[in-house]
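The tour below goes stop by stop.

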Amino acid sequence: MNHTSINCIVEKFLCNTAQVEAGTGLQVILQGYPPLAVFHLNNGEFHVTADTCTHGNASLADGELEGEEVECPFHAGSFNVKTGAACSAPCHIPLRIYPSVVENGQVFLLE
């Protein structure tokens, strides 16, 4: 028996790139997902992560972004927004990252 698998990628609109200044993050609420954070790195890249710190109930979009790391505004722990890795205490649990793409000045979540 032959099976054919077709992979369909769904793009879900998150925000316009102009809404997120370089070196900052933006919280986005998308139905069916936990709060998300869209980060705009100074090199022009955009990355999407879970917005809530894994150590406490803080919005990482409100944190300071330095290079690829965002610092939690509550306890100063940090995460790599590209990999989700916890980079400094008190954060130890990795942050969930989400695949995304930028097209025509818009950021989309890939599903």
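Which order do the strands of the open sheet of three strands have? The order is E1-E11-E10, with antiparallel pairing. Before you select anything, note that this is a predicted model: local features need pLDDT of at least 70, side-chain atom pairs count only at pLDDT 80 or more, and totals for chains, interfaces and linings use all residues. Residues are numbered from 1 along each chain as its sequence is written, and side-chain values use heavy atoms, with hydrogens and water left out.

**Stop 1: the three-stranded sheet**

Strands (E, at least two residues) and helices (H or I, at least four) are DSSP runs, numbered from the N terminus. Two strands pair if DSSP finds at least two bridges between them. The open sheet runs E1-E11-E10. Select strand E1 (11–16) and strand E10 (100–103): they stand at the edges, each with a single partner strand, so one side of each is left without a neighbour in the sheet. Neighbouring strands here are turned by 30° against each other on average, direction ignored. That angle uses axes, which are lines fitted to C-alpha atoms (for helices over the stretch in contact); angles run from 0 to 180 degrees between N-to-C directions.

E10 and E11 run antiparallel and are joined by four bridges. Pick Val 101 and you will find Phe 108 of E11 opposite.

**Stop 2: the annotated range**

Select residues 12–109. UniProt, in an unreviewed entry, places the feature "domain: Rieske" there. UniProt positions are given in the numbering used here, feature names are shortened, and annotations may be inferred rather than shown by experiment. Over this range the chain is 0% helix and 43% strand. The end C-alpha atoms of the range are 5 Å apart.

**Stop 3: strand E3**

Select residues 36–40. Is this strand, E3, enclosed or open? Five of its five residues are buried, so E3 is largely enclosed by the rest of the structure. Buried means under 20% relative accessible area, exposed over 50%, and partly exposed in between (1.4 Å probe, protein chains only). In a regular strand the side chains alternate between the two faces of the sheet. In E3, Leu 36, Val 38 and His 40 lie on one side, Ala 37 and Phe 39 on the other, and both faces are covered.

Next, show the partners. Strand E2 (residues 24–28) pairs with E3 in the antiparallel sense over five bridges. Val 28 has Leu 36 as its bridge partner. Strand E4 (residues 46–50) also pairs with E3 in the antiparallel sense, over five bridges. There, Leu 36 stands opposite Ala 50. E3 and E4 form a hairpin with five residues between them. Click Gly 44 in the turn: its phi is positive, about 100°.

**Stop 4: Thr 24**

Stay in E2 and select Thr 24. At 29% relative accessibility, Thr 24 counts as partly exposed. Contact means heavy atoms within 4.5 Å. Not counting residues up to four places away in sequence, Thr 24 touches Val 38, Phe 39, His 40 and Leu 65. Its side chain reaches the backbone oxygen of Glu 21 at 2.6 Å.

**Stop 5: salt bridges**

How many salt bridges does the count come to? Three. A salt bridge is a side-chain nitrogen of Lys or Arg within 4 Å of a carboxyl oxygen of Asp or Glu.

Start with Lys 12 and Glu 111, whose closest N and O atoms are 3.4 Å apart. Lys 12 lies in E1 and Glu 111 in the segment after E11, so the pair ties together parts that are 99 residues apart in sequence.

Then select Glu 45, Glu 68 and Lys 82, which are linked in a network of salt bridges. Glu 45 and Lys 82 have closest N and O atoms 3.3 Å apart. Glu 45 lies in the loop between E3 and E4 and Lys 82 in the loop between strand E7 (78–80) and E8, so this pair ties together parts 37 residues apart in sequence. For Glu 68 and Lys 82 the closest N and O atoms are 3.4 Å apart. Lys 82 is partly exposed, with a relative accessible area of 31%.

**Stop 6: Pro 94**

Finish in the loop between strand E8 (86–88) and strand E9 (97–98), where Pro 94 is found. Pro 94 counts as exposed, at 53% relative accessibility. Leaving aside neighbours within four places in sequence, Pro 94 is in contact with Thr 54, Gly 84 and Ala 86.

Notes
A polar contact is a pair of N or O atoms within 3.5 Å; within protein, one must be able to donate a hydrogen and the other to accept it, and residues adjacent in sequence count only if both atoms are side-chain atoms.
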